[in-house]
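I opened the model to look up helix packing and ligand contacts. My notes follow.

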Amino acid sequence: MTTDTSRISISAHYTGYVWFKHGLSATEFATSTGRLANAVLTPINAFLRNVAGADIDVFLLQRHSVIDHQIERLILEEGVEQVLELACGLSPRGYRLKQKYPQLRYIEGDLPGMAQRKQTLLQKIGVDSQHQVFPCNILEQDGELSIQSLLSQLDPTKKTAIVTEGLVNYFDLATIKQVWSHMAQGLKQFPQGFYVTDLYPDFIEHPSYKYVQFAQKLVGFFTRGQWPLHYRSDEAIQQGFQEDGFSHVEVHDPASFYDTLDMPRAKTQTLVRIIRAST
Ligand SMILES: C[S@@+](CC[C@H](N)C(=O)[O-])C[C@H]1O[C@@H](n2cnc3c(N)ncnc32)[C@H](O)[C@@H]1O
């Protein structure tokens, strides 16, 4: 199996532009590719708003804000001092969190091309030495691109969180479960380890399921590959993460944060779940 999944990196331009467009980021994070991709999808977003009660931006903003919220809870309530954001793309999460929590150690990782772009971008903005970007390939089990190699840059005496967003549905379940097992194993070297991710489950009974299948095809077309949905229920997600080596697993529905977090609502049930797991 090839471990070169750089065909997926185009999607980071799209999401990066969405974060910028909605005021979550700085101009440096927006690219012309992202702007173009957003313009191309404008009619599709209008169609989805009409027929499914929410567009792509809504689902992206929901996952982004619940992930941010979970990371902030880990910092404030659990004493997490180090964050490793994998598949960071052009996400401004590290930039924003470091502004709010300057003492935080924040490492970002992505495939070499995207990591280089992010590194240049952050240098331009001017970040402190505790905020770094490294090349990483989550499919590499050892060597300098592996998750373990990035974890070894961190202080083993401090509570640590790994975060991924918009990554896990690009892989089939067997492949991503192996990655999750490596993460769980790697996090055990810290006094406490946490993992936060979004996940699009296979909710076949969802009223907009046919539009979900349409979105699958759309993402697949842009990234020249599959975008499989994983697990049929919150219980199955929980059980799956426990099998991979996480002891405590919470599955969050963005709708349960509608009254507390600033994010757009969908007119039907939500489509994404945020997982917070610990070792
Ligand atoms: C949809 S983008 C998400 C980017 C960012 N997390 C966000 O939410 O805006 C997917 C990201 O996964 C990265 N990626 C793809 N395959 C990867 C791999 N094998 N290892 C690490 N990152 C990968 C891509 O380069 C891209 O930045």
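I took axes as lines fitted to C-alpha atoms, for helices over the stretch in contact, with angles from 0 to 180 degrees between N-to-C directions. Helices (H or I, at least four residues) are DSSP runs numbered from the N terminus. The model is predicted: local features need pLDDT of at least 70, side-chain atom pairs count only at pLDDT 80 or more, and totals for chains, interfaces and linings use all residues. Residues are numbered from 1 along each chain as its sequence is written, and side-chain values use heavy atoms, without hydrogens and water.

**Helix 1 and helix 4**

I looked up helix 1 (residues 10-21) against helix 4 (residues 56-78). They pack at about 80°, with axes 11 Å apart. Helix 1 is therefore roughly perpendicular to helix 4 (the class covers 65 to 115 degrees). Contact means heavy atoms within 4.5 Å. Helix 1 brings Y14, T15, V18, W19 and K21; helix 4 brings I56, D57, L60, L61, R63 and H64.

**Helix 3 and helix 9**

Next I checked helix 3 (residues 42-52) and helix 9 (residues 209-223). Their angle is about 165° and their axes lie 12 Å apart. That makes the pair roughly antiparallel (over 145 degrees). I44, F47, L48, V51 and A52 of helix 3 meet Y211, F214 and L218 of helix 9.

**Ligand**

Then I turned to the ligand. I found 22 residues around it, the closest being T5, S9, T15, A87 and D110 (a heavy atom within 4 Å counts). I also listed polar contacts, pairs of N or O atoms within 3.5 Å. A side-chain N or O atom of W19 is 2.9 Å from a ligand oxygen. For the side chain of R63, the distance to a ligand oxygen is 3.4 Å. A backbone N or O atom of E165 sits 2.9 Å from a ligand nitrogen.

Notes:
Helices (H or I, at least four residues) and strands (E, at least two) are DSSP runs, numbered from the N terminus. Angles under 35 degrees count as roughly parallel, over 145 as roughly antiparallel, 65 to 115 as roughly perpendicular and the rest as oblique. A polar contact is a pair of N or O atoms within 3.5 Å; within protein, one must be able to donate a hydrogen and the other to accept it, and residues adjacent in sequence count only if both atoms are side-chain atoms.
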